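These are my notebook entries on a structure that I had not examined before. I set down what I looked up, entry by entry.

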Amino acid sequence: MRYLLRKLVFYVAALWAALTLNFLIPRLMPGNPVDLMLSKLATKGPVTPTTRAAIEALLGTDTHSSLWAQYWKYLHQLVSGNLGTSIAYFPEPVSQVIGQTLPWTVGLIGLATVISFAVGILLGRAAGWRRGSWIDNLIPVTTMLQSVPYFWLALLLLFLLGSTWPVFPLNGGYDVYSVTPGWNLPFAQSIVYHGTLPALTIVISSIGGWMLGMRNMMVSTLSEDFVVTAEAKGLTPRRIRSRYVARNAILPSISGFAISLGFVVAGSIVTEAVFTYPGIGSALLLAVGNNDYALMQGVFLIITLAVLGANLLVDLLYGVIDPRTRARS
Amino acid sequence: MTLKLGVGLGIAGVIVLFGVIGPLVVGNPSTVRDMGLTGPGNGFLLGTTQTGQDVFAQLAYATRGSLIIGVVVGALTLLLSSFFGIVGAFVGGWADEAFSLFTNIMLVIPGLPLVILISSYVPNKSIWLVAAVLAITSWAGSARVLRGFTLSVRSRDYVLAAKISGEKRWRILFVEILPNLIPLLASQVVFAVIFAILGEAGLSFLGLGASGSFTWGTMLFYAQNGLALRLGAWWWFAPPGLAIALFGAALSLINFSIDEIINPKLRSQTRAERNKWSVKA
C-alpha cells in the first residue's frame with residue numbers, strides 16, 4: 001500500500017511539473033504567441049470571444065492579471081477539457097484533432113514496439129544462452145543498426161522499396177482514393193499495407209537494444225550461484241533457461257519496455273514526418289509549421305500524459321512481478 | 001586494448017580528424033555553381049547538390065558542426081548528471097530525495113517533443129541554444145544510473161573505513177568514490193554524445209535546427225527538400241547518414257569495451273568453457 005501511495009504521489013508531482021512547464025514555456029519565450037495566433041485565426045474566420053479567452057488562458061498575454069491568476073485560469077481551462085482552437089485544422093478544436101490522430105500513432109508505433117520487444121527478447125535470450133554462437137555474433141550487427149539515424153534508415157528503405165522497386169506505398173496511412181474509412185476489409189488491408197514499411201523501420205532500428213540488454217542480463221544471471229545449484233540438481237537445460245535464468249534476466253527489460261511504451265506517442269514524430277503518416281507527430285509538425293501554438297501545447301500535453309500513464313502502469317505491474325521493489329520502498 | 005576498442009577508436013579518430021582539418025582544406029561549402037546534381041567525379045569528390053554546391057565541402061563543415069554539438073552536449077550532460085546523480089546520492093537525506101525526485105520527473109517528461117516545443121518558439125536559434133536544450137532534456141537517464149552506482153559504492157566497507165579514519169567529506173567524494181565511477185561516467189558521456197548527434201540530426205531534419213549552421217542533420221534536411229531521393233542523387237543523402245552511422249557505431253564499440261572493463265562477467269569466458277570443469281555425467 002505504501003508502495004502504491006509513493007508511486008501515485010510521484011506521478012502527480014510529475015504531472016504537475018509537466019503542466020507547469022507547458023504553462024511557462026510560451027510565457028518565457030520571446031515574441032507574442034497569442035497575437036500571432038489570433039491574427040492567423042482571424043484570417044480564417046471570425047474569432048469568437050470564447051475562443052479568444054481560451055487561447056489567452058492557455059498561452060497568456062493577460063498583462064493586467066498576475067501570473068498566479070493566469071496559472072489558475074490555465075489549470076481551470078485544462079480541467080474543463082478546452083484546449084483551444086487549431087489554426088492548422090481550422091475550425092476544429094484541438095481536442096478533436098488529437099482524438100483523430102492519436103489512434104493512428106498508437107496503432108502503428110505501439111504494435112511495432114511490441115513486436116520489436118518480443119522478438120528482441122527471444123533473440124537476446126538465445127544469444128545469452130549460447131554465447132559465441134552465430135546468434136550471439138549477430139549482436140554487434142544489430143547494435144550498429146541502432147546507431148544508424150532512424151530517419152535516414154527510413155529514407156533509404158523508402159527510396160529502395162518505394163521508388164526503385166515499388167513494393168510499398170510512398171506515404172499516407174491508407175489509400176484515400178479507393179477505400180472508405182470504417183469497419184470494412186479493404187480499409188483494414190490498406191492500413192496494413194501502408195503501415196508495413198514504417199513498422200519495419202521501427203523494428204529494425206530498435207530490436208538491437210532489446211537484444212543486447214537481454215543478452216547481457218542472461219550472461220550475468222547465468223553466473224549466479226542459484227543457476228549452478230539448478231544445474232547440480234540435474235534440472236533440464238530448458239527448464240533452467242526459461243524458469244530460472246530468463247525469468248530473472250527479463251526484469252530490467254520490462255522497465256525499459258515501460259519507458260519505450262510511453263515514448264510510442266513521442267518517438268513517432270520523425271517517423272511520421274518521413275512517411276507522412278496521419279498520426280499525432282504529423283499534427284505536431286503541422287502545428288509547428290503554422291505557428292499553431294494551441295495545438296502544439298495540446299499535443300505536448302497528450303504525449304506527457306501517455307508517458308506518465310505507461311510508466312505508472314508498469315511501475316504497478318513491476319511491484320507484482322518483482323516483490324523486491326515493494327520491499328525496498 | 002581489444003580489437004573492438006581499436007576499431008572504435010580508429011573510426012572515431014578518422015571522423016574527428018576530418019571534422020577538424022577538413023574545413024581548412026575544402027572550399028566554401030555554400031558556393032553556388034552552374035552544375036546542379038552531378039555525380040561524384042569531375043573535380044568534386046562527392047558530386048554536387050541541386051544548386052551546384054560541393055557535397056564534400058559541405059560534409060566537412062557538417063562533420064565539424066555535428067561534433068561540436070556532440071562535445072558540448074556531452075560536457076553539459078556530464079556536469080548535470082554527475083551533479084544530480086553523484087552529489088545527491090553522496091550527501092543523502094532530503095537532498096537525495098529531492099534530487100532523485102527531480103531527476104525522475106525530468107526522465108519521464110518526453111524530451112524530443114519538449115525540444116520541438118521550445119525551438120518552435122525561438123525563430124533564430126544559435127547552435128549553442130540547440131546544444132543547451134538537448135542537454136537539459138537528456139541528462140536525467142545517466143543521473144539515475146550514476147545515483148544507483150554511487151549508492152552502492154558509498155556503503156562499501158572501505159568508504160566507511162575512510163570516514164572513520166577522519167577523512168574530509170570532499171576527499172572521500174573525489175579521492176575514494178569518484179575514481180570508481182570513472183568508467184561509468186565515460187560510458188555515459190559516450191552515450192550522451194551519440195544521443196546528442198542523433199537528436200540534433202533529427203531536429204535539423206525536421207527543419208528545427210540551428211539557423212545557418214552546417215550539421216549532418218541540415219545536410220539531410222536540404223537533401224530531402226531538394227528531392228535527392230526521388231532524383232536518385234544518392235551521393236547527396238547517403239554520406240551524411242553514413243557518417244552518423246559510422247560515428248555512432250564507433251562510439252558504441254568504445255562503449256562495449258568500457259562495459260567489459262566495468263563488468264568482467266561480460267568478458268569472453270563462455271559457458272562452454274565453464275562447463276569443461278564440471279563432471280560429465
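Among contacts in chain B between residues at least 6 apart in sequence, what percentage join residues at least 24 apart? I found 70%, where two residues are in contact if their C-beta atoms, placed from the backbone, lie within 7 Å.

**Entry: conventions.** I note that this is a predicted model, in which local features need pLDDT of at least 70 and side-chain atom pairs count only at pLDDT 80 or more, while totals for chains, interfaces and linings use all residues. Residues are numbered from 1 along each chain as its sequence is written, and chains are lettered from A and ligands numbered from 1 in the order in which they are written.

**Entry: chain B as a whole.** I counted 11 helices and 0 strands in chain B; helices (H or I, at least four residues) and strands (E, at least two) are DSSP runs, numbered from the N terminus. The C-alpha trace of chain B spans about 75 × 60 × 35 Å along its principal axes. Of the 281 residues in chain B, 46% are buried. A residue is buried if 20 or more other C-beta atoms lie within 10 Å of its own, exposed if 12 or fewer, and partly exposed in between, with C-beta atoms placed from the backbone.

**Entry: chain A as a whole.** For chain A I recorded 15 helices and 0 strands. Its C-alpha trace spans about 80 × 55 × 40 Å along the principal axes. Buried residues account for 42% of the 329 residues of chain A. Of the contacts in chain A with a separation of 6 or more, 71% are between residues 24 or more positions apart.

**Entry: records.** I consulted UniProt, whose positions are given in the numbering used here, with feature names shortened and annotations that may be inferred rather than shown by experiment. An unreviewed entry there gives "domain: ABC transmembrane type-1" for residues 63-255 of chain B. I found residues 63-255 of chain B to be 82% helix and 0% strand, with the end C-alpha atoms 21 Å apart. For chain A, the UniProt annotation "transmembrane region" (unreviewed entry) includes residues 104-127 and 295-321. Residues 104-127 of chain A are 100% helix and 0% strand, and the end C-alpha atoms lie 34 Å apart. Residues 295-321 of chain A are likewise 100% helix and 0% strand, with end C-alpha atoms 39 Å apart.

Entry: Leaving aside neighbours within four places in sequence, Ile197(B) is in contact with Ser66(B), Ile69(B), Gly70(B), Ile244(B) and Phe247(B).

**Entry: helix α8 of chain B.** Where does α8(B) bend? I located a bend of about 60° at Leu178(B), with a proline, Pro179(B), following within four residues; the bend is the angle between axes fitted to the seven residues ending there and the seven starting there. The end C-alpha atoms of α8(B), a helix of 37 residues, are only 47 Å apart, short of the 54 Å that a straight helix would reach at 1.5 Å a residue. That expected span is 1.5 Å times one less than the number of residues. Just after α8(B), Gly207(B) takes a positive phi of about 85°.

**Entry: two residues of α8(B).** Leu173(B) is in helix α8 of chain B and touches Phe90(B) and Leu178(B), not counting residues up to four places away in sequence. Phe191(B) is also placed in helix α8 of chain B. Is Phe191(B) buried or partly exposed? I class Phe191(B) as partly exposed because it has 19 C-beta neighbours inside 10 Å. With residues up to four places away in sequence left out, Phe191(B) touches Ser142(B) and Asn255(B).
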